[in-house]
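Please open the structure in your viewer and keep the selection tool at hand.

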Amino acid sequence: MRSRHLFLIGLTTALAVGPAVASEVAQTAREVVHELPLKQLRGPLTTLYSKGYKEVAELQQAHFAAFVGHYDAVLAQGFRLTVAVLTPEDWAALDGSRPYGTPYVADLGTHPVLVLPVELDDAMVPVAMHEAGHALVSQFLWPSPRPRELTVKWIDEWLAVFVARGYALATGEVSPGNGWTGDGPVPPFRTLADYDAHQDAIEADPSSAQFAWYRRAFEAQVDVVYAKHGLAWLGDLRSQLPWDAYPQWTPNALLQVLAAPDPSWILWARKLEGPPTPVVAEVDATAEVEETTDAETP
Ligand SMILES: [Zn+2]
């Protein structure tokens with residue numbers, strides 16, 4: 001959901017996009033949310049909530065405090081995350097451009113705010129975890145809180161999947177192996193290069209086959225990396241990434257860095273390329289369809 005992460009809260013914060021005006025910016029999302037007429041929970045994670053939803057807020061606080069605390073311990077990091085549990089009215093006051101109900105993170109940088117509806121639909125629980133994953137990835141890995149500057153965009157999304165799913169694997173909430181083999185119907189975009197070129201289109205509709213292709217593919221490699229290296233691998237990654245070239249990485253250079261200690265990355269990237277797009281004879285269905293060769297697949 002990268003495209004949504006960068007929408008900032010309100011006009012004043014939107015100005016923060018340009019470094020030149022950063023000093024004039026009045027408020028961060030965290031400051032804005034603190035100005036709403038919300039209640040606040042005591043506890044391990046700053047948690048704000050709309051009046052009447054204390055119990056929901058307590059549940060969410062416990063869940064995300066455990067999530068953040070797990071990564072604090074594994075990565076020896078003091079992660080920051082504010083949780084805001086909001087009714088439609090408070091949600092709209094924070095950012096009216098957002099559809100109510102879909103969790104998001106405001107201000108990915110130094111102090112992100114995870115914005116949640118008061119009723120978190122089952123289908124939205126993984127979305128909330130994924131968004132929280134982005135919040136942690138931004139704090140742990142990116143020198144700048146603006147991953148959009150990355151020339152290789154898929155790695156930021158993959159890492160958010162790793163953080164969210166890795167936690168679920170570590171706590172036994174999910175089992176490894178989502179069955180993705182790279183076979184089956186192939187959507188228009190399927191490679192890592194495609195992802196970088198068409199990220200917004202791919203992430204526009206999480207219910208699409210196109211979105212699912214990347215999510216399943218990313219999860220498959222998350223399972224491989226998690227099984228081999230565990231969550232602490234993120235610390236190794238931080239020391240191995242080619243920072244001298246950041247953020248102007250090339251996809252190949254990044255893959256080589258990842259694959260140096262673990263060749264599974266190369267095999268995975270090739271599998272993502274999938275079978276060649278079938279050539280469909282539109283005029284005459286009985287016409288001979290050109291046999292695609294295996295030149296593009298390993
Ligand atoms: Zn994402």
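Does alanine 76 count as buried or exposed? With 9 C-beta neighbours inside 10 Å, alanine 76 counts as exposed. The terms are defined as follows: a residue is buried if 20 or more other C-beta atoms lie within 10 Å of its own, exposed if 12 or fewer, and partly exposed in between, with the C-beta atoms placed from the backbone.

Two remarks are needed before continuing. The model is predicted, so that local features need pLDDT of at least 70 and side-chain atom pairs count only at pLDDT 80 or more, while totals for chains, interfaces and linings use all residues. Residues are numbered from 1 along each chain as its sequence is written.

**Stop 1: the whole protein**

Display the protein as a cartoon. Its secondary structure comes to 12 helices and 5 strands; helices (H or I, at least four residues) and strands (E, at least two) are DSSP runs, numbered from the N terminus. Of the 298 residues, 33% are buried. Among contacts between residues at least 6 apart in sequence, 59% join residues at least 24 apart. Two residues are in contact if their C-beta atoms, placed from the backbone, lie within 7 Å.

**Stop 2**

Select residues 54-75, which form helix α4. At 1.5 Å a residue, its 22 residues should span 32 Å, and the end C-alpha atoms are 31 Å apart, which agrees. The expected span is 1.5 Å times one less than the number of residues.

Next, colour Ala57, Gln60, Gln61, Phe64, Phe67, Val68 and Tyr71, which are buried in α4. They cover an arc of only 140° around the axis, which puts them on the same side of α4; the arc is that of the directions from the helix axis to the C-beta atoms. On the other side of α4, Glu55 and Ala73 are exposed. The cover over the buried residues of α4 includes β1 (39-41), β2 (47-49), β3 (82-86), β5 (113-117), α6 (125-140) and α7.

Now return to alanine 76, in the loop between α4 and β3. Its phi is near 50°, a positive value in a residue other than glycine.

**Stop 3: strand β3**

Follow the chain to β3. 5 of the 5 residues of β3 are buried, so this strand is largely enclosed by the rest of the structure. In a regular strand the side chains alternate between the two faces of the sheet. Here Thr82, Ala84 and Leu86 point one way, and Val83 and Val85 the other way.

β2 and β3 pair in the parallel sense over 3 bridges; two strands pair if DSSP finds at least two bridges between them. Tyrosine 49 stands opposite valine 85 in β3.

**Stop 4: the nonpolar core**

Which residues have the most contacts inside the largest nonpolar core? They are Ala84, Leu114 and Ala132, in a core of 60 residues. A nonpolar core is a set of buried Ala, Val, Leu, Ile, Met, Phe, Trp, Tyr and Cys residues joined through C-beta atoms within 7 Å. The largest share of this core, 11 residues, comes from helix α7 (residues 154-170). Domain 1 (1-146) and domain 2 (150-298) both give residues to this core, so it lies between them; the domain bounds come from an automatic or database domain assignment.

Centre the view on alanine 84. Not counting residues up to four places away in sequence, alanine 84 touches Val33, Leu48, Val113, Leu114, Val115 and Leu116.

**Stop 5**

Select aspartate 107, in the loop between β4 (104-106) and β5. Aspartate 107 has a positive phi of about 60° although it is not a glycine. With 24 C-beta neighbours inside 10 Å, aspartate 107 counts as buried.

**Stop 6: helix α8**

Move on to helix α8 (residues 192-203). A straight helix of 12 residues would span 16 Å at 1.5 Å a residue, but α8 spans only 14 Å between its end C-alpha atoms. The buried residues of α8 are Leu192, Asp194, Tyr195, Ile202 and Glu203. Seen down the axis of α8, these buried residues fall within an arc of 100°, so they line one face of the helix. On the other side of α8, Ala197 and Asp200 are exposed.

Within α8, pick glutamine 199. With 19 C-beta neighbours inside 10 Å, glutamine 199 counts as partly exposed. The C-alpha atoms of glutamine 199 and glutamate 157 are separated by 9.7 Å, although these residues are 42 apart along the chain.

**Stop 7: a cis peptide bond**

Finally, select tyrosine 246 and proline 247, which are joined by a cis peptide bond with omega of about -5°. Proline 247 lies in the loop between α10 (233-240) and α11 (251-259).
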